[in-house]
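Welcome! Please take a moment to look over the chain before you read on, and keep the view open beside the text.

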Amino acid sequence: MYRHIITLLLTAFISACGGGGDENSDVITVSKPPKATNVALKGSGNDNGIQSGQEVIGQYTFNSASIPPGLDASIGFWETESGTSIHRGLKYRIPYDNSLAGTQIRFCVKPFNRIDRKAGKKACSKFVLITPVFFDPSTPMVKILSNAYTPEVVGGELLTFIIDKNGDIVDDEHGFRWKRNGQIIPNENSGSYLLTVADEGKYISVCIINQVTNTLISCSEETNMIQGAAGSEPVAIINPLLDQIELGKSAFLDYEFLDFDNDKEDLDSTSFSWFLDGQPVAKTQSLYIETSMVNKQLKGCVTPYSLTGWPKAGDVTCTEAVTVQPLPNDTPHALNVVISGHRFEGETLIGTYRYFESNNNPETQSEYSWTIVSNDQEKQVSNEQSYRLQDGDLGKGNKVRFCVTPINSHARGYASCRTEDIAWLDGEGNFKEGGEVTANLKGFPEFSQAYWLSSDEDTALPLAINTRSNSVSPLAIESPLSNFINLRPMRLCISFDNNLLNSDDVCREIPVGNKLTRYIRLKDEQGVHAAININQSVVVDKHYRLHRPHTWSEFKALPKNMQSEFSSAESSHLIGESYSGVKMTPQQANKFCLLMHGATGLASPVFYNKFATGSDLSNSWPTELMLQEFVAKGPDGYYQLDNSGFTPPVPADLRKKYAFMCVSLAP
């Protein structure tokens with residue numbers, strides 16, 4: 001009942017504000033359906049078919065002839081030759097179980113303009129044939145049972161089945177280990193898994209464990225990206241503008257985000273727009289009132305977006321229009337309030353303004369106020385005309401506000417304020433080899449060029465340099481760069497001149513965030529970092545997979561019950577590195593390898609001598625990580641030091657703790 005009442009009230013409010021399809025009829029000068037062109041599968045080599053288990057990516061060009069220009073909110077999906085939709089999104093991993101083998105599929109786009117809510121005609125790529133994949137007969141394989149025509153959605157259940165080399169079902173008892181984006185999900189050990197909101201946008205896989213030997217047997221391929229559950233679209237309940245919107249002040253769109261499915265708001269996507277006499281003038285949450293706006297009709301609009309669930313976008317909701325008022329006479333005013341300076345921690349900001357009073361009474365002792373706005377809460381930090389930003393002022397979505405109350409000997413005026421975003425940076429994309437990361441900037445000053453830089457202080461090599469003003473290039477994660485970016489956080493740097501690596505360049509680390517995936521989580525005295533993850537394992541001699549030595553942060557990220565099985569584990573200090581390695585007693589190290597990666601176990605001296613110290617891997621794994629004292633398992637089953645070069649080999653002390661590497665059979 002409560003929900004129905006709220007829905008009716010919201011419907012009435014939106015209609016009164018001109019929301020929905022008729023909202024933009026007086027502000028859009030040209031409104032035409034958008035088009036999707038150049039619809040295709042990304043990359044080449046697909047003409048001969050796509051193999052089961054392969055991931056395919058769709059691409060297209062969004063075209064809009066509407067004025068103002070359109071914002072792309074198109075929906076991409078995949079369909080079979082019969083017209084059946086099988087997945088929503090740009091990326092699609094073909095089921096590994098050959099359930100679609102012999103079928104033709106294509107990528108389609110339904111173009112949609114987020115500004116005028118116009119939808120265009122569906123456009124599709126050409127069909128491609130899916131070819132079968134042949135299973136490796138060496139070990140039992142675990143598969144996630146999913147209907148190829150039903151995408152994995154939050155609230156759904158993933159089931160498993162295990163087959164042998166002939167494709168027959170295996171009835172033996174096994175342990176299960178579920179993973180989300182390659183990380184173990186704690187306390188999920190059954191043969192099925194219920195998808196939750198935490199899985200949306202992620203990829204799920206499952207491994208089977210031999211419960212007698214506690215050895216990993218095999219792991220499934222990952223699912224497609226988990227889709228959000230369908231439900232209600234979000235709603236913005238917007239508060240009316242103040243009746244007195246005056247010159248020299250700021251108008252602010254204050255709203256409440258409402259989603260009946262309890263989805264969180266996507267603050268990066270929720271959009272704002274201001275209209276003056278029906279014409280768009282700004283796309284920010286606050287608007288400074290200038291002289292040219294006096295006696296005109298002003299209204300603001302909000303389009304809410306959900307971080308989870310589907311659909312993501314809600315309808316645009318607008319305020320009633322109000323008339324911008326001129327300044328009252330005989331009252332002092334602070335006009336053109338501006339915050340000057342770079343909005344980074346440690347930088348000094350200065351509030352400036354123009355004093356005005358119609359009778360020319362001079363300004364005496366005006367009052368100033370600086371506040372930090374965080375999570376809709378204001379905290380006053382200074383009453384001077386300048387303020388030095390502190391480290392504690394930083395935070396995603398935080399703002400700094402400067403207010404001045406003009407005063408002369410005859411009267412006290414109204415406070416005029418200016419609010420700006422505090423500089424914030426986050427990343428979006430995949431921090432693993434083959435991935436790409438884009439940077440999202442807020443509150444940054446204008447700059448001449450931008451580049452990426454590893455946190456490795458010994459190697460200052462700019463990457464992905466962009467010489468266009470106020471533009472940032474994506475960072476491609478490539479193996480040739482791994483000698484100085486692997487297992488290290490990355491920083492985005494901006495330069496205010498035509499030179500790079502200057503002392504006045506501003507560099508900020510890409511932090512851990514919801515839209516950054518596949519990174520290695522490292523923790524030190526400065527906090528938690530997102531580090532590049534390249535060549536976590538490599539195939540050697542065609543039949544084996546050699547795994548990079550684990551870091552202490554990776555070990556501590558394992559579920560507590562798994563950590564407790566390795567009581568000898570401790571961190572090992574690495575000179576010059578911000579992270580630590582892991583060392584254990586030889587027997588526990590071998591047990592760890594079997595549980596995490598499967599047979600064969602601890603690497604033998606042959607692997608250390610032939611692969612771990614040669615040029616093939618010197619550019620993949622950080623040097624300090626590979627200079628530890630390692631333990632190896634000899635062909636006779638005895639533990640010895642890795643590559644001491646002595647004959648006979650030096651036995652390892654079974655009570656001592658060593659660094660180690662694991663070897664497993666390549667699939």
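What follows is a walk from the whole chain to its sheets, its cores and a few single residues.

Let's begin with the overall picture. What you are looking at is a predicted model. The protein chain has 667 residues, of which 48% are buried. Its secondary structure consists of eight helices and 51 strands. Among the contacts with a separation of 6 or more, 64% are between residues 24 or more positions apart. The chain exposes about 32,500 Å², and carbon and sulfur atoms supply 49% of that area.

Now turn to one of the sheets. Four strands make up an open sheet in the order S13-S12-S15-S16, paired in the antiparallel sense. At its edges you will find strand S13 (183-184) and strand S16 (215-219), each of which pairs on one side only. Look next at strand S12 (residues 175-180) and strand S15 (residues 204-210): these two run antiparallel and are joined by six bridges. To find your place in this pairing, look for Arg 180, which stands opposite Ile 204 in S15. Something also lies across these strands.

Helix H5 brings us to the cores. The largest nonpolar core has 37 residues, and those with the most contacts inside it are Leu 546, Phe 555, Met 584, Phe 592, Phe 660 and Met 661. Several elements give two or more residues to this core, including S15, H5, helix H6 (605-612) and strand S51 (662-665). Which element gives the most? That is H5, with five residues. There is also a second, separate core, with 25 residues, and Phe 447, Trp 452, Leu 516 and Ile 532 are among them.

Leaving aside neighbours within four places in sequence, Ser 473 is in contact with Trp 452, Ala 464, Ile 465 and Asn 466. With Asn 466 there is a polar contact between the two side chains, at 3.0 Å.

Ala 464, one of the residues that Ser 473 is in contact with, deserves a look of its own. Most residues other than glycine have a negative phi, and most peptide bonds are trans. Ala 464, however, has a positive phi, near 45 degrees. Its place is in strand S37. Is Ala 464 buried or partly exposed? With a relative accessible area of 29%, Ala 464 is partly exposed, because the buried class ends under 20%.

Leu 487 is another residue to look at for its backbone. Its phi is near 60 degrees, again a positive value in a residue other than glycine. You can find Leu 487 in the loop between helix H2 (482-485) and strand S39 (490-495). Leu 487 counts as buried, because its relative accessibility is 1%.

The peptide bonds have a point of interest too. Trp 310 and Pro 311 are joined by a cis peptide bond, with omega about 0 degrees. Pro 311 sits in the loop between strand S24 (297-303) and strand S25 (317-318).

From here, move along to Lys 312, whose side chain makes a polar contact of 2.4 Å with the side chain of Glu 200. Where is Glu 200 found? It is in the loop between strand S14 (192-194) and S15. Glu 200 counts as buried, because its relative accessibility is 13%. Not counting residues up to four places away in sequence, Glu 200 touches a set of residues that includes Val 154, Ile 226, Leu 307, Gly 309 and Lys 312.

Our last stop is another open sheet, this one of three strands in the order S27-S28-S31, with antiparallel pairing. Strand S27 (333-340) and strand S31 (386-388) each have a single partner strand, so one side of each is left without a neighbour in the sheet. On average, and with direction ignored, neighbouring strands here are turned by 15 degrees against each other. Strand S28 (residues 348-356) pairs with S31 over three bridges, in the antiparallel sense.

Terms used
Residues numbered from 1 in each chain as written. Predicted model: local features only at pLDDT ≥ 70, side-chain atom pairs only at ≥ 80, totals over all residues. Heavy atoms only, no water. Buried < 20%, exposed > 50% of the residue type's maximum accessible area, 1.4 Å probe, protein only. Contact = heavy atoms within 4.5 Å. Areas by Shrake-Rupley, 256 points an atom, 1.4 Å probe, with all protein chains shown as cover. Pairing = 2+ DSSP bridges. Core = buried A, V, L, I, M, F, W, Y, C linked by side-chain atoms within 4.5 Å. Polar contact = N/O pair within 3.5 Å; in protein donor to acceptor, adjacent residues only side chain to side chain. Axes fitted to C-alpha atoms, helices over the stretch in contact; angles between N-to-C directions.
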